[in-house]
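Please open the model in a viewer and keep the selection tool at hand. The stops below proceed from one selection to the next.

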Amino acid sequence: MFTLAEVASLNDIQPTYRILKPWWDVFMDYLAVVMLMVAIFAGTMQLTKDQVVCLPVLQSTVNSKAQPGTSGKADFTTVETTTGQGEEASMRTVSFGSTPTVIPDVPLSRATSSQYQPTESGQELKKEQKDSAGRKTNLDFQQYVFINQMCYHLALPWYSKYFPYLVLIHTIILIVSSNFWFKYPKTCSKIEHFVSILGKCFESPWTTKALSETACEDSEENKQRLTGAQSLPKYVSTSSDEGSPSASTPMITKSGFKFSADKPMIEVPSVTILDKKDGEQAKALFEKVRKFRAHVEDSDLIYKLYVGQTVIKTVKFIFILCYTANFVNTISFEHICNPKVEHLIGYTQFECTHNMAYMLKKLLISYISLICVYGFICLYTLFWLFRIPLKEYSFEKVREESSFSDIPDVKNDFAFLLHMVDQYDQLYSKRFGVFLSEVSENKLREISLNHEWTFEKLRQHVCRNAQDKQELHLFMLSGVPDAVFDLTDLDVLKLELIPEAKIPAKISQMTNLQELHLYHCPAKVEQTAFSFLRDHLRCLHVKFTDVAEIPAWVYLLKNLRELYLIGNLNSENNKMIGLESLRELRHLKILHVKSNLTKIPPNITDVAPHLTKLVIHNDGTKLVVLNSLKKMTNVAELELQNCELERIPHAIFSLSNLQELDLKSNSIRTIEEIISFQHLKRLTCLKLWHNKIVSIPSSITHIKNLESLYLSNNKLESLPSAVFSLQKLRCLDVSYNSIALIPAEIGLLQNLQHFHITGNKVDTLPKQLFKCVKLRTLGLGQNCITSIPDKVSQLLQLTHLELKGNCLDRLPATLGQCQLLRKSGLVVEDHLFDALPSEVKEVLNQDTSIPFANGI
């Protein structure tokens with residue numbers, strides 16, 4: 001036996017999928033139930049009642065004359081018999097000849113006995129004739145049963161016999177056809193997922209909040225439009241309209257009216273409060289809807305399956321109606337049966353009555369009526385399926401009634417499921433559309449974000465950077481919290497990996513803000529906020545993956561001083577960069593581009609009159625075309641790092657105002673072109689580190705104003721005397737080469753303050769080195785030095801001395817005479833320091849807070 005719980009589970013499909021069953025499917029389900037009841041009722045009656053009742057057909061008058069036959073034959077005449085109710089006897093007259101004969105009208109037992117007792121039998125028949133009235137048959141009960149069974153199969157039409165079973169089979173097929181799309185593996189999972197998401201979206205508190213806020217927002221906007229009230233103070237730009245964003249600039253606008261610098265922001269208060277749990281559930285629903293849409297919209301299997309099963313039901317209806325109409329008249333009460341078993345029962349023809357004929361005929365008419373109604377509904381369903389494009393669904397009405405104008409139209413199976421839901425209740429799809437809107441999702445994120453990131457929490461994340469400025473770094477948030485703009489004393493704001501960042505008008509409160517970082521953050525700004533940034537922002541860092549991520553308003557910040565662009569700016573996309581707009585940045589001084597350029601874009605030269613510093617950091621892509629550098633006559637600092645340069649570009653020699661040149665991490669092997677630097681009268685710093693330079697040409701003496709020379713991480717084996725003729729040289733870095741000797745001419749560099757020769761092969765230190773009394777930093781680590789001369793005490797301004805990684809046995813006690821040197825600035829092995837006299841260690845361990853203790 002089945003338990004009640006097991007039986008109840010069979011009915012779960014109905015309430016679960018009821019929202020996907022339109023009225024015609026529900027009506028057809030009820031029709032199928034009625035047809036099923038007809039089949040069960042007819043089948044039950046056939047099993048419980050007699051099927052057919054048959055009686056022999058008797059001849060009214062038969063005159064049989066004896067035919068002359070051969071001797072030994074008997075002549076007999078059968079007399080007319082009539083049946084009597086409940087009687088099985090017969091009345092007959094038999095004339096016998098000389099030979100006994102079996103009479104067919106008499107049962108076998110009686111016929112046999114009559115052969116042996118003819119006289120006695122004749123007497124009994126005469127007695128029966130006197131006792132009964134009418135005519136009797138010679139059939140007993142078993143023979144009647146036999147005839148009934150035989151005539152049921154021979155005389156009764158097959159449709160009368162199998163009508164209940166056919167109705168049952170047809171009904172089951174129709175029921176299966178109606179629900180097959182709910183059970184097919186490739187569709188049931190999608191349908192089940194859709195119904196689950198739809199129910200959660202319908203009941204989600206966020207749906208009610210979003211729709212109610214829409215109504216409130218519309219009413220507030222209408223009110224403001226009519227009264228012109230201005231509820232918030234506005235930021236008034238002191239600049240002219242020059243540099244205003246164009247129509248293509250991504251600005252935040254709201255439906256109803258357009259923002260401008262003269263119109264304030266209207267903030268609509270929240271209608272309801274969404275707690276954290278409801279917010280997290282709504283976030284999960286947005287993600288589920290997005291993934292479900294991507295999964296379902298790429299196919300139309302559900303639509304095709306529903307159309308297919310509707311076509312099958314229609315064909316089934318036509319088939320049932322055609323063959324049933326032909327057999328409806330075959331169900332009759334009377335039937336003639338010719339079983340052809342005269343040798344067993346003695347009769348040729350029987351007349352039978354079908355007791356169920358009347359009821360079956362009524363049931364058949366009812367069944368045909370139900371099938372006709374069922375068929376008309378199938379035809380209507382087909383008309384509905386092909387009347388409108390069900391593989392497309394538009395939320396046009398929802399967009400008109402709400403502020404969520406970005407609800408997208410859907411297609412394929414997703415659209416078909418929404419059309420089916422509309423047949424149940426259009427409110428479902430309306431509330432479901434809220435979770436397809438990015439505007440709605442962004443509003444939810446804003447609410448959740450503002451709940452989590454309060455003013456107090458943001459204040460805890462504010463820190464001081466290296467420039468002693470107050471800095472706030474926000475990383476991987478869903479948006480920018482409103483409380484950020486209440487930090488009015490903030491100097492630097494960093495936004496990283498915030499794809500939906502929006503900068504509202506409240507940023508005008510941050511009067512100290514001068515530096516903004518946008519790392520993978522294509523921020524949108526409101527009109528009033530843009531006016532503020534245009535007049536106040538001085539430094540902007542933009543890091544991106546694709547050029548399209550650079551906000552268009554970046555090129556309109558006319559008071560911008562520094563611009564850092566980090567991302568993919570290859571030659572194919574140069575035309576899309578929009579750098580031609582940089583010419584509007586009249587105050588731009590520093591342009592830093594970290595990308596994979598093959599040539600300097602000509603558009604950069606449009607801002608050449610303004611630039612004083614240009615930095616190009618490539619990712620190893622070879623920078624080929626550099627001719628446009630010639631136009632940048634005002635550039636004082638130029639960095640071309642990791643550009644795979646093999647020689648110093650000739651275009652650099654035209655930069656008459658160049659003061660600092662950095663060619664770090666290239667493939668330069670020779671620097672013979674350095675002689676042309678004599679035309680660069682203002683060049684004071686030359687950085688050729690991390691290259692493949694093997695020698696320094698003597699022509700370096702022509703760079704007379706050179707103060708800093710960086711040649712570390714090259715392949716130098718010696719230092720030419722020409723280097724020591726640069727009397728203004730203050731910094732010389734030749735670390736990590738293969739230099740074995742420090743020339744005595746180093747004593748000529750009386751202005752030398754920083755000398756680094758770490759990571760070479762030096763074994764001795766010349767005494768002339770200690771004539772450079774202005775040395776503050778001396779790097780001698782990782783060499784082969786065996787001793788430090790006592791003359792190190794002459795370096796009275798020394799603050800940093802690196803000796804670690806040499807072959808020293810001891811340190812000179814005269815280190816204590818270096819007044820500014822402290823233990824923190826002495827890089828040496830611990831055992832060497834411990835071997836120093838205690839009074840020297842005491843001097844080196846003194847407080848380092850005295851002026852100039854840390855060097856430069």
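Select Arg 647 and Glu 673: their side chains meet in a salt bridge, 2.4 Å from N to O (a side-chain nitrogen of Lys or Arg within 4 Å of a carboxyl oxygen of Asp or Glu). Arg 647 lies in the loop between strand S16 (637-641) and strand S17 (660-662), and Glu 673 in the loop between S17 and strand S18 (685-687), so the pair ties together parts that are 26 residues apart in sequence. Strands and helices are DSSP runs numbered from the N terminus, of at least two residues (E) and at least four residues (H or I) respectively. Arg 647 is partly exposed at 45% relative accessibility, whereas Glu 673 is buried at 7%; buried means under 20% relative accessible area, exposed over 50%, and partly exposed in between, with a 1.4 Å probe and protein chains only.

The model is predicted: local features need pLDDT of at least 70 and side-chain atom pairs count only at pLDDT 80 or more, while totals for chains, interfaces and linings use all residues. Residues are numbered from 1 along each chain as its sequence is written, and side-chain values use heavy atoms, leaving out hydrogens and water.

## Further charged pairs

Next, select Asp 535 and Arg 534, which form a salt bridge with the closest N and O atoms 3.8 Å apart. Asp 535 is buried, with a relative accessible area of 9%, and Arg 534 is buried at 3%. Then move to Glu 287, Arg 290 and Lys 291, which are linked in a network of salt bridges. A search of the whole structure finds 17 salt bridges.

Select residues 463-464 (S6) and 470-475 (S7), which pair in the antiparallel sense over two bridges; pairing requires at least two DSSP bridges between two strands. Cys 463 stands opposite Glu 471 in S7. Five residues separate the strands of this hairpin, where Asp 468 takes a positive phi near 60 degrees.

## Annotated spans and confidence

The unreviewed UniProt entry annotates residues 27-47, 162-182 and 364-386 as "transmembrane region"; such annotations may be inferred rather than shown by experiment. Residues 27-47 are 100% helix, with end C-alpha atoms 30 Å apart. Residues 364-386 are also 100% helix, their end C-alpha atoms lying 33 Å apart.

Finally, colour by pLDDT, the predictor's confidence in each residue from 0 to 100. The mean is 78, but pLDDT stays under 50 over residues 253-272 and over residues 849-856. Where pLDDT is low, the predicted coordinates should not be read in detail.

Technical notes
Contact = heavy atoms within 4.5 Å.
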